[in-house]
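I opened the notebook to go through this entry step by step. My notes follow in the order in which I looked things up.

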Amino acid sequence: MDIANLPLAWANYLSILIFLCIFVLVWSIPKKVVFEDAPDQSRWRDIRVWATVLVAVQLFIYAVFN
Amino acid sequence: MHPLDLAIIVGYLALITFVGLRLAGRVKTAHDFFLAGRTLSWWVIGLSIIGTNIGANSYVGAAGNAFSIGIAQANFEWIGAIPAMIIAALVFIPLYWKAGVYSIPEYLGLRYNPTVRVVAALITSVVAVFAIGVALWAIALTLQTYLGWPIWVGILVTGTIVGAYSIAGGLAAVAFTDIFQVCIMFAGGLVIVGLGISETGGFSGFTETLISENPNHLQAYLPADHESYPWPGVIFGLGMVLSPAYWWAGQAILQRSLGAKTQWDASAGMMFAAFGKIFVPLLIVFPGLLALVMHAQIEYPDMALPWIIKNVLPPGISGLMFIAIIAALQSTIDSSVNSTSLMLTRDVRHVLIKNANPDNDLKVGRVLTLVLLLLSMCTAPLVAEMGGIFTFLQTILSLFQGPMLALLILGAFTRRATPQAGLWTLISGVVVSSVTLYSGVNMLYVAFSSFIYSLVALWVLSGFTAPHPNKDLSNLTYSPWRRS
């Protein structure tokens with residue numbers, strides 16, 4: 001298969017797949033590692049939640065601009 | 001020039017110098033100078049990372065590219081940054097933090113051997129001198145365009161201001177001045193977005209014109225047979241190799257993370273910067289699209305942003321955009337100078353000079369910062385006259401990205417990678433990428449193929465070479481899932 005002939009739509013599907021994999025990786029990291037050294041255990045300090053918002057925005061972007 | 005423009009410019013330069021010099025009193029040791037005494041909060045780190053990341057090419061080059069290829073240019077900020085930034089925040093920053101290192105070459109030295117540390121530090125440093133020279137030249141050109149200053153005056157004034165606060169205040173001064181610079185960049189960008197949209201008949205008018213006249217400019221990717229940015233190259237070369245190499249191994253970027261007051265601040269700072277990256281296309285891609293919608297008559301795409309500044313911004317506000325460009329360049333220069341000085345002081349000097357006294361690191365670091373700036377000021381005109389040299393050096397750096405990333409990944413996630421295998425993979429990986437590049441393959445594919453080669457070579461060679469002398473690699477490998 002010639003790489004130059006790959007369908008353009010695959011690019012967006014692949015991007016979405018990459019961000020879904022990132023989402024799974026993020027939530028596989030134990031909580032104690034994420035809160036290492038953190039001043040407190042507040043929900044907003046869980047940077048896995050921050051990463052989830054980032055992933056959601058990216059999924060939206062790559063779903064819209066196709 | 002409008003008096004308001006002049007007031008903004010003078011006010012900015014005075015504020016940056018004042019803030020930078022105010023922080024000089026905090027610097028008592030090399031630890032304060034290079035890592036800000038580990039006092040930086042997450043939001044300072046995040047804004048400073050954005051400031052360091054947006055450089056000379058971002059403003060003018062990205063707007064020009066957006067004019068030509070559309071929103072696909074934003075991939076450099078999205079798929080080409082955000083996945084790597086998330087992993088940097090959750091994996092690599094905690095790893096470097098646990099290893100207790102000052103720099104990424106220092107980590108590679110501990111994980112492999114001192115030769116890898118010196119090679120990594122030297123290559124990055126040489127390229128940095130020319131990169132700083134390019135940024136100084138770009139500022140001098142901007143100053144000449146707006147203020148009519150001769151080029152040498154622009155280089156001298158910029159070098160003196162950046163040198164004053166970088167040498168006196170170290171990383172803390174660099175990080176805090178970056179905050180002002182990023183705020184100015186976003187303010188300038190938002191003004192362009194607001195005025196541009198109003199000029200083109202509101203948001204609906206802007207999008208309708210763009211969609212009807214240039215529908216392909218709203219596609220996130222370009223076809224697989226595109227000459228410069230084929231989508232497989234963007235995803236595999238940029239997204240999986242060049243971007244991770246930049247965000248996981250870039251000293252100028254990660255140094256402020258290593259200067260955080262806690263590991264959590266370091267990781268949160270990188271994640272905060274990733275949020276900023278979502279909006280960066282508004283600053284650097286939107287002006288190119290706006291020029292397209294406004295049917296800008298320009299000779300070549302890189303003139304898109306200057307055209308917008310001239311035709312959209314009213315007198316009094318164009319000074320803000322001028323300062324935004326200067327700020328983007330300054331924040332890149334100060335970060336590069338500080339991180340290069342660190343690598344030469346510790347990663348090169350401590351390894352090559354056996355009895356180097358660590359107590360002299362602060363003095364040596366300051367002297368090297370000055371020398372680096374002077375060298376870059378001297379190379380700035382050369383870079384302009386012989387632009388090929390910089391392109392050549394950038395290419396050399398790119399050739400190292402794939403092998404360097406393979407060393408980092410197998411070194412961080414496995415205990416299998418050995419010191420000898422690391423060194424030989426680095427050397428042979430560069431040879432493989434050079435040969436591939438010489439055969440005319442797109443740079444994005446060169447990066448990906450050299451990365452895959454290096455992963456395989458490091459894995460195989462490690463099976464035939466002596467293991468790491470330190471059997472306990474727990475502080476140098478990432479294993480949060482291992483049961484203790």
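**Entry 1: a loop residue**

In which loop of chain B is T418(B) found? I traced T418(B) to the loop between α17 (387-413) and α18 (419-438) of chain B. I keep in mind that this is a predicted model.

Next I asked: is T418(B) buried or exposed? I found 23 other C-beta atoms within 10 Å of T418(B). The cut-off for buried is 20 or more. T418(B) is therefore buried.

I then looked for its partners. Leaving out residues up to four places away in sequence, T418(B) touches S462(B), T465(B), A466(B), P467(B) and H468(B). I checked one of these pairs by distance. T418(B) and A466(B) sit 48 residues apart in sequence, yet their C-alpha atoms are 6.6 Å apart in space.

**Entry 2: chain B as a whole**

I counted secondary structure next. Chain B has 19 helices and zero strands. Its C-alpha trace spans about 65 × 55 × 45 Å along the principal axes.

I compared its radius of gyration with the globule rule. Buried residues make up 57% of the 484 residues.

I also looked at how contacts reach along the chain. I took the contacts in chain B between residues at least 6 apart in sequence. Of these, 83% join residues at least 24 apart.

**Entry 3: two domains**

How is chain B divided? I noted domain 1 (3-385) and domain 2 (387-484). Their centres, taken over C-alpha atoms, are separated by 25 Å. The contact between them takes 34 residues from domain 1 of chain B and 28 residues from domain 2 of chain B.

I listed the helices on the domain 1 side. α5 (82-99), α6 (104-111), α7 (114-147), α10 (231-249) and α16 (361-385) of chain B each supply at least two residues there. α10(B) gives the most, with 12 residues. By class, this side of domain 1 has 28 nonpolar, four polar and two charged residues.

**Entry 4: the core**

I turned to the largest nonpolar core. It has 184 residues. M85(B), I86(B), L136(B) and M271(B) have the most contacts inside it. α7(B) gives the most to this core, with 20 residues.

Why does this core lie between the two domains of chain B? Domain 1 (3-385) and domain 2 (387-484) both give residues to it, so it lies between them. I set a general point beside this: in soluble globular proteins, nonpolar side chains tend to be buried together.

I picked L136(B) for its contacts. Not counting residues up to four places away in sequence, L136(B) touches I155(B), T158(B), G159(B), I333(B), S376(B), M377(B) and A380(B).

**Entry 5: a covered helix**

How many residues of helix α13 (residues 286-293) of chain B are buried? I found eight of its eight residues buried, so I put α13(B) down as mostly covered. Among them are F286(B), P287(B), G288(B) and V293(B). Just after α13(B), H295(B) takes a positive phi of about 55°.

**Entry 6: chain A**

I moved to the other chain of the contact. Chain A has three helices and zero strands. Along the sequence its pattern reads α-α-α.

Is chain A compact or spread out? Its radius of gyration is 16 Å, well over the 11 Å that the globule rule gives for 66 residues, so chain A is more spread out than a compact globule. Its C-alpha trace spans about 50 × 25 × 15 Å along the principal axes. Buried residues make up 21% of the 66 residues in chain A.

**Entry 7: where the chains meet**

The contact takes 31 residues from chain A and 30 residues from chain B. On the chain A side, α1 (9-28) and α3 (47-64) are the elements that give two or more residues. I sorted that side by class: 23 nonpolar, five polar and three charged residues.

**Entry 8: confidence**

Chain B has a mean pLDDT of 87, with 95% of its residues at 70 or more. Within chain B, confidence is lowest in helix α4 (residues 56-69), at a mean of 78. Confidence is highest in α5(B), at 95. For the complex, the predictor gives an ipTM of 0.97 and a pTM of 0.92.

Notes: Residues are numbered from 1 along each chain as its sequence is written. Chains are lettered from A and ligands numbered from 1 in the order in which they are written. This is a predicted model: local features need pLDDT of at least 70, side-chain atom pairs count only at pLDDT 80 or more; totals for chains, interfaces and linings use all residues. Domain bounds come from an automatic or database domain assignment. Two residues are in contact if their C-beta atoms, placed from the backbone, lie within 7 Å. Helices (H or I, at least four residues) and strands (E, at least two) are DSSP runs, numbered from the N terminus. Ala, Val, Leu, Ile, Met, Phe, Trp, Tyr, Cys and Pro count as nonpolar, Asp, Glu, Lys and Arg as charged, and the others, Gly among them, as polar. The radius of gyration is taken over C-alpha atoms; the globule rule is 2.2 Å times the number of residues to the power 0.38. A residue is buried if 20 or more other C-beta atoms lie within 10 Å of its own, exposed if 12 or fewer, and partly exposed in between; C-beta atoms are placed from the backbone. A nonpolar core is a set of buried Ala, Val, Leu, Ile, Met, Phe, Trp, Tyr and Cys residues joined through C-beta atoms within 7 Å. pLDDT is the predictor's confidence in each residue, from 0 to 100.
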